[in-house]
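Subject: Structure for your files

Hello,

Please find the structure below. My notes on it follow.

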Amino acid sequence: MRKHGGTEVFRITGARQGLADDVRGRQRRYVISMSIRTLSVIAAASLWNVERYVAVVALVIGALLPYVAVVIANAGRESAPSLPSSFIPPPVRPELEADAERRDGGNDHAA
């Protein structure tokens with residue numbers, strides 16, 4: 001960050017999500033995925049003698065979902081390449097205009 005006048009100005013909208021929030025979100029996604037897997041395995045066992053095709057589909061989902069859940073949970077933190085710069089330059093102050101006397105060179109009287 002560049003310093004202007006000894007102070008640094010940061011834009012917090014460009015900040016990433018906190019680590020605790022990121023881990024909590026990953027854990028939530030993993031638990032949801034594993035709950036769906038558990039339900040699909042129970043459905044496969046329950047429907048095996050009733051509806052074999054549905055049971056096989058549920059079993060395949062139950063077998064593939066752990067891999068997908070782990071990949072999703074370990075996908076990593078979000079990247080922020082398109083966020084604006086976190087540095088905000090200080091506002092530019094307009095210059096004051098000079099007096100009429102200064103512009104005329106100090107000549108009040110007519111020649």
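In this predicted model, a polar atom of the Ser40 side chain lies 3.4 Å from the backbone nitrogen of Gly62. Gly62 is also one of the residues in contact with Ser40 once neighbours within four places in sequence are left aside; the others are Ala58 and Ile61. Ser40 has a relative accessible area of 8%, and because the cut-off for buried is under 20%, Ser40 counts as buried.

Ser40 sits in helix α1, which covers residues 19–47. The helix has 29 residues and reaches 42 Å from its first C-alpha to its last, close to the 42 Å expected at 1.5 Å a residue. Besides Ser40, the buried residues of α1 are Asp22, Gly25, Arg26, Ser33, Met34 and Ala44. What do these buried residues of α1 pack against? They pack against α2, residues 52–73.

On spacing along a helix: an α-helix has 3.6 residues a turn, so residues three or four places apart point the same way.

As for the whole chain, the secondary structure comes to three helices and zero strands, in the order α-α-α along the sequence. Of its 111 residues, 13% are buried. The chain exposes about 9,400 Å², with carbon and sulfur atoms supplying 60% of that area. Among contacts between residues at least 6 apart in sequence, 70% join residues at least 24 apart.

Regards

Note on methods: Residues numbered from 1 in each chain as written. Predicted model: local features only at pLDDT ≥ 70, side-chain atom pairs only at ≥ 80, totals over all residues. Heavy atoms only, no water. Helix = DSSP H or I, 4+ residues; strand = E, 2+ residues; numbered from the N terminus. Buried < 20%, exposed > 50% of the residue type's maximum accessible area, 1.4 Å probe, protein only. Contact = heavy atoms within 4.5 Å. Areas by Shrake-Rupley, 256 points an atom, 1.4 Å probe, with all protein chains shown as cover. Polar contact = N/O pair within 3.5 Å; in protein donor to acceptor, adjacent residues only side chain to side chain. Expected span 1.5 Å × (residues − 1).
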